Amino acid sequence: MFQSFVVVVILFVLINAELLRIPLHQTNFTRRSSSIDHRSSRSVFKVRQYLINDMDFAYYGIISIGTPSQEFKVLFTTNSPHFWVPSIKCEEFSCYKYNKYDRTKSYTYVQDDTPVDIEYDSGDLSGYLSGDTLNIGGLDIPHQIFVEATSIQQYSSHLVKYDGILGMCYPIRTAEGTIPVLTNLYQQNLLYKPVFGFYLKRYSSSVDSELIIGGSYPDLYNGELTYVPVTNNGYWHFIINRIVIGHSTICLHCEAIVDISTSHIIGPLIEIEAINRYIGHEINGVTIANCDKISNLPSIYFDLGDKLFELTSEDYIIVLERYNVCTSAFMDAVLHENSPKWILGNVFLRRYYTEFDMKNNQVGFAPSK
C-alpha cells in the first residue's frame with residue numbers, strides 16, 4: 001500500500017540553475033465551531049468538521065480526546081485504517097513540538113496497552129492501544145480505541161503541522177483489531193448512515209473546507225452524486241474507466257483511490273509521462289509549465305461511472321507565485337503490489353465533492369459549489 005499520509009510536500013524547481021526545495025509553513029485558518037445536525041427520526045447525528053487548509057497541500061482538523069479534553073490536530077486519510085496521536089511517553093525528538101496525550105489527566109481513559117507497530121514508507125511508528133472519549137465536530141464518541149504513539153520515526157515528522165493520523169478505511173483492515181471511528185460511531189447509534197464526505201476549497205478561498213460525517217450535504221455540490229462501486233472491501237478502491245487528454249486515452253479500467261492526505265495526482269510512470277508531455281517539460285523530475293500559457297493547456301477527463309469529470313489547467317497546475325514557477329500536479333510514484341494504480345489527491349477533491357458510503361460500498365462524486 002502506498003502510504004500517502006506524509007503531506008509536507010517538497011516541490012523541486014529549477015531556479016537560477018539550482019535545485020530549490022520549498023518547505024510549506026504558513027497555515028490559513030479561522031477557527032469556527034463545528035456543527036451537529038440533529039434532524040433525523042432516529043435521534044442520531046450528522047457532523048460537520050471544519051478543516052485547516054495548509055497552503056493547499058494538506059487539510060486537517062482539530063479533535064479532542066479525554067475528559068477534560070486534550071486537543072490534537074489530525075490528518076484525516078482514506079488511505080489508512082490507523083488512528084494515532086503522540087503519547088506523553090514519547091520522548092523522542094520527533095515528538096517534541098506536538099501535542100501529546102496524557103492518560104493520567106483523563107477520567108474517561110480505559111486501559112488496554114496492547115502493543116502496536118505500524119510500518120510506513122517514510123518510517124515506523126510504535127506504541128500501544130488506549131481507550132477514551134473522542135470528540136469530533138462537537139460530538140462525543142465514548143470508548144474509542146486509538147494508538148498512543150511512543151516512538152515515531154518519520155523522516156519528515158519535524159516538519160508536518162498535524163499531531164496524528166485519523167484513518168477512515170474499513171474495519172477489516174485494522175491490523176491492531178480496533179474499530180475505526182466511523183464504524184464505532186455507527187455501532188453506537190450516533191450516525192444516521194456510515195457515510196462521510198469531503199468538501200475542499202483552495203487556500204485563497206474565504207469558504208471553509210469541511211469533513212461531513214453521517215450523510216450528504218447537497219448544498220455543497222451541484223446536481224446528483226455519481227457513484228462507483230468499491231472494488232476492495234478494505235480500502236476505498238474503485239475503477240476509473242478511462243483517462244482522456246486531447247486525442248489520447250491514457251488508461252483503461254484502472255484501479256484508483258481518492259485520498260485527502262495526498263496533495264497531487266499519483267499514477268504509473270508511463271501514463272504520467274504521457275499526460276505531462278501535454279503540459280510542459282521535465283526538469284529534475286518535475287514537469288514545468290509555461291505560466292503565461294496555462295489557459296492554452298488541455299483539459300483532462302476522468303471517466304467515473306460512465307460520466308466524464310473534467311480537470312482544467314487551472315485545477316491541475318500548481319502556481320508558485322513567489323518564484324513565477326508553474327508545475328504539473330501529476331506525479332509518478334513507486335507503489336506497492338496491492339496498491340491502486342492511481343491516487344486522486346486534493347487537486348481532484350477541490351473540484352469534486354466526494355462521498356464515501358460504507359453501507360453501500362460505493363464512492364460518489366459531484367461538482368463542488
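This is a predicted model: local features need pLDDT of at least 70, side-chain atom pairs count only at pLDDT 80 or more; totals for chains, interfaces and linings use all residues.
1. Strands β26 and β27 form a hairpin with four residues between them. In the turn, asparagine 361 has a positive phi of about 50°.

2. Strand β26 covers residues 352-357 and runs antiparallel to β27, and six bridges join the two. To find one of these pairings on screen, pick tyrosine 353, whose bridge partner in β27 is alanine 366.

3. Strand β27 also pairs with β14 (residues 226-229), in the antiparallel sense, over four bridges. Here you can look for threonine 226, which stands opposite phenylalanine 365 of β27. Is β27 buried or exposed? Five of its six residues (362-367) are buried, so the strand is largely enclosed by the rest of the structure.

4. Next, visit tyrosine 221, in the loop between β13 (209-213) and β14. Why does tyrosine 221 count as buried? Its relative accessibility is 8%, and buried means under 20%. Beyond its close sequence neighbours (up to four places away), tyrosine 221 touches Ser216, Tyr353, Ala366, Pro367, Ser368 and Lys369. The C-alpha atoms of tyrosine 221 and lysine 369 are 4.9 Å apart, although 148 residues separate the two in sequence.

5. Now for the inside. In soluble globular proteins, nonpolar side chains tend to be buried together. The largest nonpolar core in this model has 81 residues, and those with the most contacts inside it are Ile63, Phe76, Phe198, Phe238, Phe302 and Trp342. Strand β16 (residues 248-258) gives the most to this core, six residues. At least three residues come from each of domain 1 (47-211) and domain 2 (217-367). Apart from this core lies another, of 20 residues, including Ile62, Cys90, Val116 and Ile165.

6. In what order do the seven strands of the open sheet lie? They follow β21-β20-β15-β16-β25-β17-β24, with mixed pairing. The edges are β21 (307-311) and β24 (330-332); each has a single partner strand, so one side of each is left without a neighbour in the sheet. On average, neighbouring strands are turned by 35° against each other, direction ignored.

7. Isoleucine 266 stands opposite methionine 331 in β24. Helix α2 (residues 269-279) packs on the sheet, touching β15, β16, β17, β20, β24 and β25, and its direction makes about 150° with that of β24.

8. One last stop: asparagine 241, in strand β15. With 18% relative accessibility, asparagine 241 counts as buried, because the cut-off is under 20%. Its side chain and that of aspartate 306 are joined by a polar contact of 3.3 Å. Setting aside neighbours within four places in sequence, asparagine 241 is also in contact with residues including Cys251, Leu252, His253 and Asp303.

Note on methods:
Residues are numbered from 1 along each chain as its sequence is written. Side-chain values use heavy atoms; hydrogens and water are left out. Buried means under 20% relative accessible area, exposed over 50%, partly exposed in between (1.4 Å probe, protein chains only). Two strands pair if DSSP finds at least two bridges between them. A nonpolar core is a set of buried Ala, Val, Leu, Ile, Met, Phe, Trp, Tyr and Cys residues joined through side-chain atoms within 4.5 Å. Domain bounds come from an automatic or database domain assignment. Contact means heavy atoms within 4.5 Å. Axes are lines fitted to C-alpha atoms, for helices over the stretch in contact, and angles run from 0 to 180 degrees between N-to-C directions. A polar contact is a pair of N or O atoms within 3.5 Å; within protein, one must be able to donate a hydrogen and the other to accept it, and residues adjacent in sequence count only if both atoms are side-chain atoms.
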